[in-house]
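Here is a quick tour for anyone meeting this structure for the first time.

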Amino acid sequence: MIDSRLSAPMNSIPSKLSFDDFRAIVLKDYEAAVQSRNASLLGRKEVLTGKAKFGIFGDGKEVAQIALAKVFRKGDWRSGYYRDQTLAFQTGISTIYHFFSQLYAHPSLEADISSGGRQMVAHFATKLVEEDGSWKNQLQQINSFSDISTTGGQMARTLGLGLASKLYRNNKELAYLTEYSDNGNEVVFCNVGNASTSEGVFWETVNAAGVKQIPAVISIWDDGYGISVPNDIQTTKSDISEVLKGFQSDFKGLGIEIFKVKGWDYPGLCETYEQAAKIARERHVPCLVHVVDLTQPQGHSSSGSHERYKSVERLQWEKDYDCNVKMREWIIEAGIATAEELDKIEAEAKDFVRKEQKRAWFDYRNFLQQELDEAIVYLSAVKDGQVEHALNVLKSATEPSLKDIYSVVRQALRGLRFTDTAERKALLDWYQSRKAVNEERYNSKLFVENIYSPLEVDIIDPEYADNAAVLDGREVLNACFEANFRRDPRLVAFGEDVGKIGDVNQGFAGLQEKFGDLRIFDTGIRESAIIGKGIGLAVRGLRPIAEIQYLDYLIYALPVLSDDLASLSYRTKGQQRAPLIIRTRGHRLEGIWHSGSPMTVLLGSLRGLHICVPRNMTQAAGMYNTLLKGEDPAVVVECLNGYRLKEKMPSNVGDFTVPIGIAEVIREGRDVTVVSYGSTLRLVQEAALELDKIGISIEIVDIQCLQPFDRTQVCLTSLSKTNRILVVDEDMPGGASAFIMQQILETQNGYYHLDSKPRTLSAKPHRPPYGSDGDYFTKPSVEDIVETVYEIMNEVDPQNYPKYI
């Protein structure tokens, strides 16, 4: 471990730099540190006075981040968190004006360039996608992956961002992608708080970074606490770099280079980061910089005070060792500037921050005022006592929000419901037009909304030769993957057992030998890191397929999937996207652990991903072909018990497409519509044959995707014919079956067509016990389906379908 010490001031001056130039650089850095500190102080005041909702700031980390900013180059990546404001200012990722605009939640990408008012302050992002959906040239800017608040959540995608540089350097087939990489010379800089190193995702990522030897510099900002919990409770030995010594690079060059430096040591920090960045960039070795002796002058956030949990002695130490204070002392002692000169810099910095804050506030208030003025014009035209009272309330509001404005407008429209005047119609028309505007402001861009959407991919039907081979379903998948990998060098696939043996069910069998271990490779058992690897690769121009071996195990990666991937397009208002495909398998009806169908979990947490549930491997192959032509992230859940079922091999196996979100009638019938997906469809088909014997005809609908759901309303069309519906599903009661029913009856207005009570048939509210008998008594069986349909028909025609159980 390299332990940096404060060096003599003049020794840190590069030989080619004059003293005057060096002095100018130092004073400019000090000015930046003071500006950032004033932004934190003023930001907290804006929250406490009610102008902003919540504040979390980077005070105490200014000097370290200024030193870090010096080693960034265009093309490099930041994967940080909400303490990185100084770094964001110094690298041009954000400005103080944009910082305050985000604090006020200004819903404009011109004001809040990171999120358009969708994220709280200090969550930074750079624009990666143009308005037309095409990717920007990443080598022309410093790139910042959109921040998330999840503790340690920035770690996982760091792996993929760094691995992309590794692949661009070593895979010459990618040399044509010149807008994403310059021969892999890009470094990813990840910043994380010391308390976050207790998270499992930190250890997964650090371990994987050492294994893959990615060009990353991971900085740990150590201010001694995680909110109120000190290091001696957070970390063994109270020192994370001591704990990580086993990762230190060995004589073979394997491992991680570890540095330790004090957060108030400006020369030491500059030297440390110059060395770490050089190692990562040139040698592709991960480096970890443990920045200690940092402070947090205002405590964790605007929600509390650190005086509640820090001792008097600690608080005094933080004042004495504040990085800005120490930098000021060093500048004066080194003869770089006088106290009077620094006083002037501080006064000018404070004035500049105040002006930028006022500018941001004025622009935000002006935006609201325009909306308010329009509302007042339309409300004033309506001569009604109720409206007049609401209007006066609105006029008297000193700082009304959009919520206040539209709440009054909607109350007025409610009060005018029996009125039919031109003025009321004008108010309603205005409200409807603004409703669309607010939809775009606050509810848009969950998915890609342009030609890069997989929903826009042309439908190409599978074609079959007269003598088409009938093979195991896994062989159809294998052929699909091979065709796509042969066509597109951007494709990579990875996961547990994916490389050498071609995955546990042989979908990638033999493909590593054909395409090499840079494109198809194994990983360790670390689900969060697998997904993070895929996210980082996807945003850097590659097309990854990340495999999670079983659907049950997807839950281990849920924070990364939910908080980072699923919300990426939304939280950046379409400025970033990561077209990652997650491949997994489930629904097998044997045993507690590999039989899970937790679709409710996916539906509730993965809004922002397409959730595909193909009934067989041909349908799965068509979905992969479609998804690879679009740029939305997706999960494909293959049927675990279907790999060895026989299917015909399409002659266009790498080209045909299955549309995303389009249901399919796979059996026509007259009496009851049965809606299902995945493995249970085969049970429904068996039940249909039994029901035929007793004169009941069911229509079977395969929904194929849970998200998006039945875009062409195939379920509604079927229900309008049969007037009765049963949803069969392996999830637990009230899970995916309830979602499907809500979509059909409420969203599609299917309740109009019901002649019988709608029914769902799901698994029991516990995991299935092991074995065929456990499956039979736990999840829907053929007999369960037959009896439930029969019960529906008994209600309709008890004479022909009398109760028998």
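C715 is buried, with a relative accessible area of 0%. This is a predicted model, and a search through the whole of it turns up 0 disulfides. C715 is in no disulfide, as the nearest cysteine sulfur, which belongs to C705, is 12 Å away. What about C612? Its closest cysteine sulfur is also in C705, at 3.8 Å, but that is too far for a bond, because a disulfide needs two cysteine sulfur atoms within 2.5 Å. C612 is buried too, with a relative accessible area of 0%.

| Cysteine | Nearest cysteine sulfur | Distance | Relative accessible area |
|---|---|---|---|
| C612 | C705 | 3.8 Å | 0% |
| C715 | C705 | 12 Å | 0% |

Now for the strands. β8 runs parallel to strand β9 (residues 287-292), and 6 bridges join the two. Among the facing residues, K262 stands opposite V292 in β9.

The structure holds 3 cavities of 30 Å³ or more, and the largest cavity has about 50 Å³ of space. Which residues line the largest cavity? Its lining includes L446, F447, V448, R577 and D632. By type, the lining residues of the largest cavity split into 8 nonpolar, 2 polar and 2 charged.

How values were computed:
Residues are numbered from 1 along each chain as its sequence is written. This is a predicted model: local features need pLDDT of at least 70, side-chain atom pairs count only at pLDDT 80 or more; totals for chains, interfaces and linings use all residues. Side-chain values use heavy atoms; hydrogens and water are left out. On a 1 Å grid over the protein atoms alone, a cavity is a set of points where a 1.4 Å probe fits but cannot get out, and a pocket is an open set with protein on both sides within 12 Å along at least five of seven lines; lining residues have an atom within 4 Å of a point. Grid points are joined across faces, edges and corners, and a volume is the space filled by probe spheres set on the points. Ala, Val, Leu, Ile, Met, Phe, Trp, Tyr, Cys and Pro count as nonpolar, Asp, Glu, Lys and Arg as charged, and the others, Gly among them, as polar. Buried means under 20% relative accessible area, exposed over 50%, partly exposed in between (1.4 Å probe, protein chains only). Two strands pair if DSSP finds at least two bridges between them. Helices (H or I, at least four residues) and strands (E, at least two) are DSSP runs, numbered from the N terminus.
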